[in-house]
Amino acid sequence: MRSRRDVFQLSTATDATALTRLRIPTAAGTFDAVAAGPLDGRKVLLLHGVPQCGIEWRHQLRALAADGYRAVAPNQRGYSPGVRPKRVEDYRLDHAVDDVAAIADQLGWRRFDLVGHDWGAVVGWIAAARHPLRVRTLTAVSAPHPGAFAHALRTDPDQKRRGALLDYLRQPEVPEREMLANGAAQLRQGWPAVIPRQRVEQYVRQLSEPGALTAALNWYRANRFDGDYQPVSVPTMYVWGTEDDAVGPEAAQATSDWATGAYRFEVLDQVGHFVPEEAAERTTALLLEHLAAH
């Protein structure tokens, strides 16, 4: 394990709630991250979804810092140029879960709260189940427990319809070619209006880097929700929007079957899939409540 001195802070700020940039070296490579809050604060690790990066948590990072938490949001494998392997199998969830432990080790965190959105939430579900002595609480946003999602994909016609996009994204080369055509026009479509255009452009620029979009799509190609999933025992909150076009109500409601400890299910009406940015203030308030309760 490397020492904490090897975590490089690339920017500084006098305001405790301001975001700073980190580089976190691990055996898998060096992760880029954004962070906020005092170093001695209670530790919170936030995992982004597809097609975003750690900065999707900017609102939550600042609020956590204002409450005295130390919050870090890494760009996950494929999104950090220093951890962008070329093989599809290197994007299996087992590797991403190992990344969580490696990042925490590198930060010197023995115990921490875990927050995830979309694929980051899927990683969070598995990491919390495997490391209950390290993960104090879990907050999963949008993505249900993978066991509940896998069952819904097999049995629920509505979820099967919603999941049809997965087959498209798993095709070799075709999604990249179509998404990056005409100046990445397709990547700019479908974002909620509340997400600022400059933020969308930031995501598009990142995914337009050589190999970045393929790496993001390899998360889909490497994982087909056919694993042997375990329930989560740590205190857990699951947040789901009623207008989520990827996750239907059956998988969302069935997630409670996969939580054996304290469990809280929050439904956000008229909110879609990009919950941390679409409903930033509500997400932040729920997260702070959940952390304070445990």
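## Pockets, cavities and a helix pair

The largest pocket here has a volume of about 940 Å³. Keep in mind as you look around that this is a predicted model.

**The largest pocket**
- Its lining is made up of 37 residues, and those nearest the centre are Val50, Leu165, Leu169, Tyr220 and Phe274.
- Helix H3 (119-130), helix H4 (146-155), helix H6 (164-169) and helix H9 (212-222) are the elements that each give two or more residues to this lining.
- Sorted by class, the pocket lining has 25 nonpolar, seven polar and five charged residues.

**The largest cavity**
- This cavity holds about 40 Å³ of space.
- Around it sit Phe31, Leu47, Pro74, Gln76, Arg77, Ala96, Asp99, Val100, Ile103 and Trp219.
- Helix H2 (residues 93-107) gives the most to the cavity lining, with four residues.
- Seven of the lining residues are nonpolar, one is polar and two are charged.

**Helices H1 and H12**
- From H1, the residues His59, Gln60, Ala63 and Leu64 meet Ala280, Glu281, Thr283, Thr284, Leu287, Leu288 and Leu291 of H12.
- The residues of this contact divide into six nonpolar, four polar and one charged.

Notes: Residues numbered from 1 in each chain as written. Predicted model: local features only at pLDDT ≥ 70, side-chain atom pairs only at ≥ 80, totals over all residues. Heavy atoms only, no water. 1 Å grid on protein atoms, 1.4 Å probe; cavity = no way out; pocket = protein on both sides within 12 Å on 5 of 7 lines; lining within 4 Å. Points joined across faces, edges and corners; volume = space filled by probe spheres on them. Nonpolar A, V, L, I, M, F, W, Y, C, P; charged D, E, K, R; others polar. Contact = heavy atoms within 4.5 Å.
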